[in-house]
Amino acid sequence: MNFQPGILLIFGIAIFGGLLSSLVFKKARVPQVIGYIAAGVIFGQTVLGLITPEDIQRLTPFNYFALGIIGFLVGSEIHFEDMKKYGRQFSLILLGEGLLSFTLVGGAVFFILYQVTGILPLALAGAVVFGAIASATDPASTINVLWEYRAAGVLTTTIIAIVALDDALAMFLYGLGTSLAQILTGGEADIVGELLKVGLELGASLALGTASGGLMALVIRKTKTADTLFVMSLGILLICIGLSVWLNLDVILAAMFAGVTVANAVPERSKEVVKQIRGISTPIYILFFALVGARLSLGSMPGWLWIIVGAYVILRSFGKWFGAWIGAKLSRADKNVARYTGMSLFAQGGVAIGLSIMASSHLSNILIEPGLSLGDVIIFGVTATTLIVQIMGPLLVKLSVKLAKEAGRNITVEDVLARNRVDQGGIREVPVVAPETPLREVIIRFGQGESSFIPVVDREGVFRGTVLFTALKAAFQDPGTWDWLVAEDFLHRTRTWVTPAQTQQDAVAMMDQLHREHLPVIEDEKSRRWVGMVDRKGLLTAARRELLPAAGGEAAGAGS
Amino acid sequence: MAVNKRVADAMALERIIFTGGGRKADILNALINLLENRPGIKSREELSEAIFRREELMSTGIGINLAIPHCRLEGVKDIGAAVAVCPDGVSDYVSLDGKPVKLVIMIVAGRHQQNEYIQMLSLLSGRLKEEEARNRLLAARSPEEVFQLLAEERE
């Protein structure tokens, strides 16, 4: 067996350190992603050197796994209904922010590289690659912040859609850029062939993802037990990730389309699977981001590269912000979308670093000065800017959703149940019997209702217990007893009840524990005065209904 | 003669009395006295309260000269019965058919013996639906005779 304690130790150090650091950052009200990355920077090359580039190299499969999980979860947030509704708006914002940051960063890099080297084709090549990478946004850290602050609303939907889509745009621009760069710098590449290759790659990723998602949806439809479902879905997702690595496709994109397909093919029933996959995602996220931080090496860079870094960060941010604003204005989007979308798109991560690694291998033969290739410049530049925007980006995402008042709006049925008391719309009046009610009448009551028990309440209004349908079994055989036996003779003294002041969540939890659909409600433990009944179905329906106005409010907000 | 084990187990010769006639409360108290020492019954008050509370809800005079006062108590493990034969009738025992109560069978069961309890009530009331069985019981002169008549297995 190939046992590698080194890797496991890195896992442990990165996860533990990442979480610890994020807790410190959380105290300072900074998004946790920054804490994970900061831990990585400390453990990595920049400070302690505990995690070496070789370790990171060995952990490449893990990174794909993490990117796949992230992609899947991002995809599962995309709903065709939103796309239909906001499709025009999304594409205009996407083109606005993507193209403007591409143009501004490309222009600046061209100018600086030309000043440094005086070689026009080299400056152009560097410009298009930097420009393309600048158009990408990191879905992982951005969405992590949206989740952390439970954001929901038209701005949140827009941000999710844009970060999910602009990786595809970045890859397209990158394919265009590198082939252009190779042609311009004398390498051999034909632009049509390169574009075809990129197109094929995107198409194949889409096909693989959709097929995996379709298979997963099929499994979800056929499988009953949640555990099996989770394991099978995870298996399918891993196959999807593995295949896209093997076929040299885009992992994020393929996994994302798997998520989109599942979330839209079986919208309700996929929620459980998505929830479970999200449940295991925290340590994966921590490790992934810690490794992003560890990969950064900020020591050995020439001075002019810092100018590129500075220009890149400033112009990319401006391009994203202003480009998104233009797109939003052109598509007449909500004012919060126009104001805040762009500034939520600053984070850059996996895709940018991935593209820079690819570019460095493509362009490592183009030397700027002895010992420094264009590939190195791109790697250094993207690494440094990633560190800066990864710290800045999540903070601004947090600020945007706070300013747009979308933080804390992503509430679930569980949240509503936890917030509402039993007496806030949960109590139903049900037929009750008195202790002296003759059995004949009790049997008629059972016939009229669907419940498996009837509460017994005495003349003083005190809840005395229940008559269970099963307890009547012995009496059914002898109708002669129906007139002289009374409810009291069948009384089941129960101590399972809830009071109006308890939360609906407590009530549902108790029903789950007892495998019951209903529970009696009494005024308080001491008086035991009868109040009514709660049932699981009613509580859940009411909670779901309560969630609806929030969605309606969102739509109204979009129009204002 | 075959014996219904369940009924036989619940009864005991010393818990069968002959009162001639009497008032309801006196008869019930006499039967409570016979049952108060059964295992699981915490106190006479507990039993008495449960029996009289049940009578308040609805009289257990079920008609056909028969009354079956009964209750379930926490802690009781085995069903116990006590019988009062009162051929002259219990004057104030309200019954469903208005006929005087002449036979009182008190049943005490455990709180969790729901099914056995109802089966016992049903068994005894069913048995005494037959007029002949009833008349033989009311004509009985010894506890042994009453025991036998109630516990004998019917075909």
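**Entry 1: B:Arg38**

I looked up B:Arg38 and found it buried (under 20% relative accessible area; exposed is over 50%, partly exposed in between, with a 1.4 Å probe and protein chains only), yet without a salt bridge. A salt bridge here is a side-chain nitrogen of Lys or Arg within 4 Å of a carboxyl oxygen of Asp or Glu. The nearest side chain of opposite charge is B:Asp78, 5.2 Å away; Lys and Arg count as positive, Asp and Glu as negative, and His and the chain ends are not counted. I note that this is a predicted model, in which local features need pLDDT of at least 70 and side-chain atom pairs count only at pLDDT 80 or more, while totals for chains, interfaces and linings use all residues. Residues are numbered from 1 along each chain as its sequence is written, chains are lettered from A in the order in which they are written, and side-chain values use heavy atoms, with hydrogens and water left out.

I placed B:Arg38 in the loop between helix H2 (24-35) and helix H3 (44-57) of chain B. Helices (H or I, at least four residues) and strands (E, at least two) are DSSP runs numbered from the N terminus. A polar atom of the B:Arg38 side chain lies 3.3 Å from the backbone oxygen of B:Ile79. Apart from neighbours within four places in sequence, I found B:Arg38 in contact (heavy atoms within 4.5 Å) with B:Arg15, B:Asp78, B:Ile79 and B:Gly80.

**Entry 2: salt bridges**

I read 23 salt bridges over all chains. In one, A:Asp483 pairs with A:Arg440, with the closest N and O atoms 2.9 Å apart. A:Asp483 is in the loop between helix H19 (473-476) and strand E5 (491-492), and A:Arg440 is in helix H18 (residues 439-448), so the pair ties together parts of chain A that are 43 residues apart in sequence. I noted A:Asp483 as partly exposed at 33% relative accessible area, and A:Arg440 as partly exposed at 35%.

I then checked B:Arg53 and A:Glu488, whose side chains meet in a salt bridge of 2.9 Å, N to O. This pair crosses between chains, from helix H3 of chain B to the loop between H19 and E5 of chain A. B:Arg53 is partly exposed at 28% relative accessibility, whereas A:Glu488 is buried at 14%.

B:Asp92 lies in the loop between E6 and E7 and B:Arg23 in the loop between strand E2 (21-22) and H2, so parts 69 residues apart in sequence are tied together. I also traced one network, in which salt bridges that share partners join A:Asp458, A:Arg464, A:Glu488 and B:Arg53.

**Entry 3: cores**

I looked up nonpolar cores (buried Ala, Val, Leu, Ile, Met, Phe, Trp, Tyr and Cys residues joined through side-chain atoms within 4.5 Å). The largest has 123 residues, of which A:Phe72, A:Leu113 and A:Phe130 touch the most other members. A second, separate core of 46 residues includes A:Leu439, A:Phe446, B:Ile62 and B:Leu128.

Most residues other than glycine have a negative phi. A:Arg332 is in the loop between helix H13 (303-330) and helix H14 (335-340) of chain A, and is exposed at 74% relative accessibility. A:Arg528 is in the loop between strand E6 (518-522) and strand E7 (530-535) of chain A, and is partly exposed at 30%.

Conventions
Polar contact = N/O pair within 3.5 Å; in protein donor to acceptor, adjacent residues only side chain to side chain.
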